[in-house]
Amino acid sequence: MAKIGVFVCHCGENIASNVDTANLVRKVSEHPGVEVCAEYKYFCSDPGQETVKRAIRENGLTGVVVAACSPRMHETTFRKACAEAGLNPYMLEMANIREHCSWVHSDKEKATEKAIEITRSLVEKVKRNNNLKPISVPVTRRALVIGGGIAGIQAALDIAGAGREVILVEREPSIGGHMSQLSETFPTLDCSQCILTPRMVEAIQHPNIKVLTYSEVEEVDGYIGNFKAKIRKKSRYVDIDKCTGCGDCIQKCPVKKVPSEFECGLGNRTAIYTPFAQAVPNVPVIDTTRCTYFKNGKCKICQKTCQIENCIDFGMQDTFEEYEVGAIVVATGFQIQDTTLYGEYGYGRYKDVITGLSFERLASASGPTSGVIKRPSDGKEPETIVFIQCAGSRDPSKGVRYCSKICCMYTAKHAMLYAHKNHDGRSRIFYMDIRAAGKGYDEFTRRAIEEDGAEYLRGRVSKLYEENGKLIVRGVDSLLGKPVEIAADMVVLATAIVPQPDAREFAKRIGIGYDEYGFYNEAHMKLRPVETATAGIYLCGACQSPKDIPDSVAQASAAAAKVLGLFSREQLEREPVVASVSDATCAGCFGCVMACPYNAIDVRDINDRNGNLIKQVADVNPGLCQGCGTCVTFCRSNSIDLAGFTENQIFAEIMAL
Amino acid sequence: MGIQEQYRSEAAELLSSGEVKLVIGFGAGSTADRRRPLFARTPEESEKLVLDQNCIANLTTYLVAGGLLTDGKKVAVFLKPDGIRSLNILIAESQVKAEQVVIFGFAIENNEVTPLEGRSISDFAKLGEKLRTATPPPSVQEEAERLEAMGSSGRFEYWKEQFSKCIKCYACRQACPMCYCRRCIVDVNQPQWVSTSSHTLGNFEWNLVRAFHLAGRCAACGACDRACPVNIPLRLINYRMGKEVKEAFDYFAGESSDQNPVLASFRQDDPETFIL
Ligand SMILES: Cc1cc2nc3c(=O)[nH]c(=O)nc-3n(C[C@H](O)[C@H](O)[C@H](O)COP(=O)(O)OP(=O)(O)OC[C@H]3O[C@@H](n4cnc5c(N)ncnc54)[C@H](O)[C@@H]3O)c2cc1C
Ligand code: SF4
Ligand code: SF4
Ligand code: SF4
Ligand code: SF4
């Protein structure tokens, strides 16, 4: 006979204010099989859990329903309590009367009715629960970090520093990400390369880190502790082990006028190139779309120049490598929005309207102008620069709805850098608000205004056009309520920070979630900000949301801590919620084999005694199955059942409603 | 020699040489214009094969009969284009091995029977493309458009009335080559997901399950429709599901034998309009 204990939690006022718990207890007590039913302010508290345990022991309960919050919140808590009282932890069910009921309804009477139904339905389920035992699986204590920007580098260094192996995959020819393009960094104005390069070098030299540049993650299979990642190493056409980085080939390459991506098109590169001087690894790649040999079949000057035999190999092919890893850190960063969509700013039409990132290159000592701020059109030094903040951000009609978070700060930085380099220059900044929350940040923007003469104008720009070599910027100063017109020599747009163009597609490939924009979703915005909803996959840096360097680095170290926590054990206990197939009824369509997102299902032959094939059926590998239930819903002949969520349990749950 | 005679003699050869163990074709039926399936196991039996404009049934249904193909031996079967389409689906769903089937292909146009070139499924690769772009029978399309014009509540009433006739005989299921499960979900009684009695709810449950289980798998052969003793226009349901699948996933069931079943497979650019 079932003896079920039901424990109704008030969750302070969260539930009790909207659900008549006394009534709920009364009604549920009358339900067949319910042995005890009690209510309490906080069942998750120590005394609350004690009450549950005592009730199990004293009444010999065979199952427990806690009517409270979501199982995501406290299922583990109460499973533990059950286990401590000698009950199989899987004989617990959570009836979610908070998120599914009290929080979303305002009519107390109806909410109470619903809470009663939800609770009864879980009582019916728990009556059909079975004792289950957790599954133990080994953990591969090696991490894969995807994206070699500052976030990925930091995460890799932290994990490697704790003695675990790391595979760091970067798709560009060099690691470094956007930070390598920056001139000086707020809020301290230290040179970006000077603080980044040592980290890059440390990463590539670290005995525990394998850096794979110019490589992409093609496929990820498996699950927490046991992922398999297939990586495509794109052919550089230069042997990374032989090349000494002398750069002779680059010197001699006749194709010299390729707009450099790294320099935002403000400088040129050759067909065989490294993106920037401090590239790590310092090994060039050939851009086959530009190389004369790949276009016309003639040239190979680089190969002739190269002193090392067979170092440049025009026949090189992409290669694939597979790695087993236990955890994955996604650090794929961001892109800046294409600002041509703002016709009124004239980006793309006027050469001297540039993005903030281009400005970083102009201000950078290693940049195309050696750090002198010059107009791209005629090379003159500008006397007045207009900066336009929120050029795309906080603009639901055309751009993105969110705040890109870093642009207020870098615009202040740009004004300062300009003032330091050109003492007579004027910076006029159109802004909506100045958002400078962060250690030393408000002080930084104040400094820009008070010491470096940045002139802030609150308002938006409505029109921009060229006249007599000047860029005429028209807008409204909304504080004065007056139109303004400024003749500028250069305009810098603080473009929105957006996800990588392939962010969604990539998320699908590795199996993580993303928001409406394509930024990757954390498991819980407040309490689990560096984990994804997929166990074993973590996030850091600007791929999650626009972030500056301090935040990216902090999150990277946090992700590393999570990975190291996982790696502190040799075995991982997994939920025994796994699928199994009924041989008798399986029709062998193998749709489930294809549908299973974890490749957990194989084909198995059933033979008669003489070894003759009778039929083939699907077979779930419990070590790989994640209990997602996809196969169950797919199977037309209803031949798959999921432990913990069996057909009988679900059916009883539904019928109780 | 007419096509009937030609196929008869080829069938006899295949059987006498032992190349195939069975020929599934058509034989005389209970009335002059009806044909029933004929299973020829000897060259003599193949003499009774009939092929004319009345041979409309989709014989692939018999290929998936329990255990017929487990011995690895070959079977020959008479198939119209829709039958070839369902054979493609059955191969894609691992029910039939391509190399085990010899096809006697034929088409019926304007009451004329013409042979189709090729004997193995790979010979019919072009046919898939042709069928994909072919327009469905105007009668079905007209009916479908009439339904579409009714609006959702009108359609609901329509189907309620139609389904109320259903006697749960499952003739539609027996006739359908895609309903090859050894145990159909409607026969599951632990728990009893689909109610067995013939009241409106139970009838709706069954017919909706049937519709969904055939989404992206129906070859539009019309076997179910013809089998239904109470004339429920099942073709319209199948047509609508086929259209949905084509629009959402650009998928045409049975176009080729190496298609990935649409509802079991996943493409990165699948629409996900229902996920917020
Ligand atoms: C104009 C401008 C000025 C800025 N100034 C400052 C400043 O002064 N101070 C400050 O703190 N911050 C500043 N920032 C912000 C800073 O650039 C970011 O905080 C930082 O770059 C985020 O690092 P990340 O590693 O998350 O991303 P990224 O730097 O974007 O690095 C991501 C890396 O992942 C790689 N990648 C992407 N997808 C894949 C894939 N699928 N497979 C493999 N590799 C992949 C990319 O190639 C890239 O190398 C500025 C940003 C801009 C745009
Ligand atoms: S072969 Fe290509 S990369 Fe090498 S020097 Fe010629 S153009 Fe440059
Ligand atoms: S989906 Fe069902 S019938 Fe098909 S192979 Fe899997 S278990 Fe068997
Ligand atoms: S529940 Fe089914 S689909 Fe999901 S992981 Fe397990 S076997 Fe695969
Ligand atoms: S053949 Fe017709 S009556 Fe019989 S189960 Fe199918 S729909 Fe119902």
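Two strands count as paired if DSSP finds at least two bridges between them. In this predicted model, strand 3 (residues 63-68) and strand 4 of chain A are joined by five bridges and run parallel. The points below cover the sheet that holds these strands, and then the surroundings of two ligands.

**The sheet**

- Strands of a sheet pair through backbone hydrogen bonds, and the pairing can be parallel or antiparallel.
- Ala68(A) has Asn96(A), a residue of strand 4 of chain A, standing opposite.

**Ligand 1: contacts and cover**

- Ligand 1 is surrounded by 38 residues, and the closest are Glu170(A), His178(A), Lys413(A), Lys547(A) and Ile549(A).
- The side chain of His178(A) has an N or O atom 2.7 Å from an oxygen atom of ligand 1.
- Ile549(A) has a backbone N or O atom 2.8 Å from an oxygen atom of ligand 1.
- For Asp548(A), a backbone N or O atom is 3.4 Å from an oxygen atom of ligand 1.
- On its own, ligand 1 has 990 Å² of accessible area, and the protein covers 98% of this.

**Ligand 1: where the shell comes from**

- Elements of chain A that give two or more residues to the shell around ligand 1 include helix 6 (150-161), helix 11 (356-363), helix 12 (407-421) and helix 15 (549-567).
- Strand 8 (184-185) and strand 19 (334-336) of chain A are also among these elements.
- Domain 2 (142-234 + 318-333 + 500-567) and domain 3 (335-498) of chain A each provide at least three residues of the shell around ligand 1.
- Sorted by class, the shell around ligand 1 consists of 18 nonpolar, 12 polar and eight charged residues.

**Ligand 2**

- Around ligand 2 there are 14 residues, of which the closest are Cys253(A), Cys291(A), Thr292(A), Cys299(A) and Cys302(A).
- At least two residues of the shell around ligand 2 come from each of helix 9 (292-296) and helix 10 (301-305) of chain A.
- The shell around ligand 2 has 12 nonpolar residues, one polar residue and one charged residue.

Technical notes: Residues numbered from 1 in each chain as written. Chains lettered and ligands numbered in written order. Predicted model: local features only at pLDDT ≥ 70, side-chain atom pairs only at ≥ 80, totals over all residues. Heavy atoms only, no water. Near = heavy atom within 4 Å. Polar contact = N/O pair within 3.5 Å; in protein donor to acceptor, adjacent residues only side chain to side chain. Areas by Shrake-Rupley, 256 points an atom, 1.4 Å probe, with all protein chains shown as cover. Helix = DSSP H or I, 4+ residues; strand = E, 2+ residues; numbered from the N terminus. Nonpolar A, V, L, I, M, F, W, Y, C, P; charged D, E, K, R; others polar. Domains from an automatic or database assignment.
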